Amino acid sequence: MTVLEQPGAYRPTPPPGWQPRVDAAPLLPDTEPYRVLGTAAAADVSPDLLTRLHRELVRGRRYNAQATALTRQGRLAVYPSSTGQEACQVAAGLVLEERDWLFPSYRDTLAAVVRGLDPVDALTLLRGDWHSGYDPHAHRVAPLCTPLATQLPHAVGLAHAARLKGDDVVALALVGDGGTSEGDFHEALNFAAVWHAPVVFLVQNNGFAISVPLAKQTAAPSLAHKAVGYGMPGRLVDGNDAAAVHQVLAEAVRRARGGGGPTLVEAVTYRIDAHTNADDATRYRADSEVDAWRAHDPIALLEDALRERGLLDEEGVRAARESAERLAADLRTRMHQDPVLDPAELFDHVYADRTSQLREQAAQLRAELDAEAGEGQR
């Protein structure tokens, strides 16, 4: 008797009564990225929100430029710019409540800054200083994640734990299109959907995983379509339309907070700068492609919409730029100050209570430092 001939054995063909567990239609994304700016829906967006989005976009563009300059000057080891993607970053930084958590990747320092993190602290890890650069719990911003997509299971775990405790908390996890090819992406989405975790996944599809175009990563109609296989809604949005990204994320956050479970949002955007300062993007993409996306710049799109509604004039543009210059000047001044490092901090923030081995090692290091200081005074 074969395995399939045994009573109750699995049969490859389902019985006639088989039905899908859920109706897939409501989970499917739109066929085109959702837009607000330039449509009738723009009239319904709060003027205060549009103005705030514009201010943060302008500051974000200047922040990216300054951080890139600091890399060239040797003040940062590396900087993955989000120039061109500021609408995604700003919307993610503004949409959460104070009690919620943001889980960024290495390219998402701007989102953390918009959420309230000190720009110097946001760049500290990329400088090579002091742990993650900030206290994640104090800011509700997880450490910047360099390994692709590993922050996604962390976000799901926190969201699931909050739900079990009855806490009104939502986690927003950011990832690039390259991260969707990692196993952590699958595991996070599957876990989130099965356990109905209050988490939102924002995929910033900027066209390339370093030099690998999206077409060589997936044959799916869109990355948002992947949501259906896990049993969660997928949303497709114009990632350069700040108002649209904010609206879609806000809806997903409300749904998660209200017990509706996770949502996968794909924001279609573009990485104007190279992958990092170590990358030569001209080897795998044409200047004409970059120029085409510059014509769909998130700042220009929003400024046109604001001017059309009479919400922005030259004085307003100047005020936003001056605010951005103040941010850049402060960042430049403080990043050019050499950090004062204490080697003993190597043992801080490893465990809440140090192990006996760490206590022994810390004491040994302190003794060596004291001895060196004593030699220097002779």
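Is R35 buried, partly exposed or exposed in this structure? I will come to that residue in a moment, and since this may be new to some of you, let me say at the outset that we are looking at a predicted model.

R35 is partly exposed, with a relative accessible area of 39%. Its partner is D238, and the two form a salt bridge in which the closest N and O atoms are 3.2 Å apart. D238 lies in strand 6, which covers residues 234–238, while R35 sits in the segment before helix 1 (47–72), so this pair ties together parts that are 203 residues apart in sequence. D238, for its part, is buried, because its relative accessible area is 4% and the cut-off for buried is under 20%.

That is one example, and the count for the model comes to 20 salt bridges.

Let me turn to R61 and E86, whose side chains meet in a salt bridge at 2.6 Å, N to O. R61 belongs to helix 1 and E86 to helix 2 (residues 86–95), so here the pair ties together parts that are 25 residues apart in sequence. R61 is partly exposed at 23% relative accessible area, whereas E86, at 0%, counts as buried.

The next pair is D118 and R334, a salt bridge with its closest N and O atoms 2.9 Å apart. This pair links distant parts of the chain, for D118 is in the loop between helix 3 (109–115) and helix 4 (119–127), and R334 is in helix 11 (residues 314–335), 216 residues away. D118 is partly exposed, with a relative accessible area of 25%, and R334 also counts as partly exposed, at 28%. Beyond such pairs, salt bridges that share partners join R52, R55, E56 and R59 into one network.

Finally, a word about the cysteines. How many disulfides does the count give? The count comes to zero.

How values were computed:
Residues numbered from 1 in each chain as written. Predicted model: local features only at pLDDT ≥ 70, side-chain atom pairs only at ≥ 80, totals over all residues. Heavy atoms only, no water. Disulfide = S-S within 2.5 Å. Salt bridge = Lys/Arg side-chain N within 4 Å of Asp/Glu carboxyl O. Helix = DSSP H or I, 4+ residues; strand = E, 2+ residues; numbered from the N terminus. Buried < 20%, exposed > 50% of the residue type's maximum accessible area, 1.4 Å probe, protein only.
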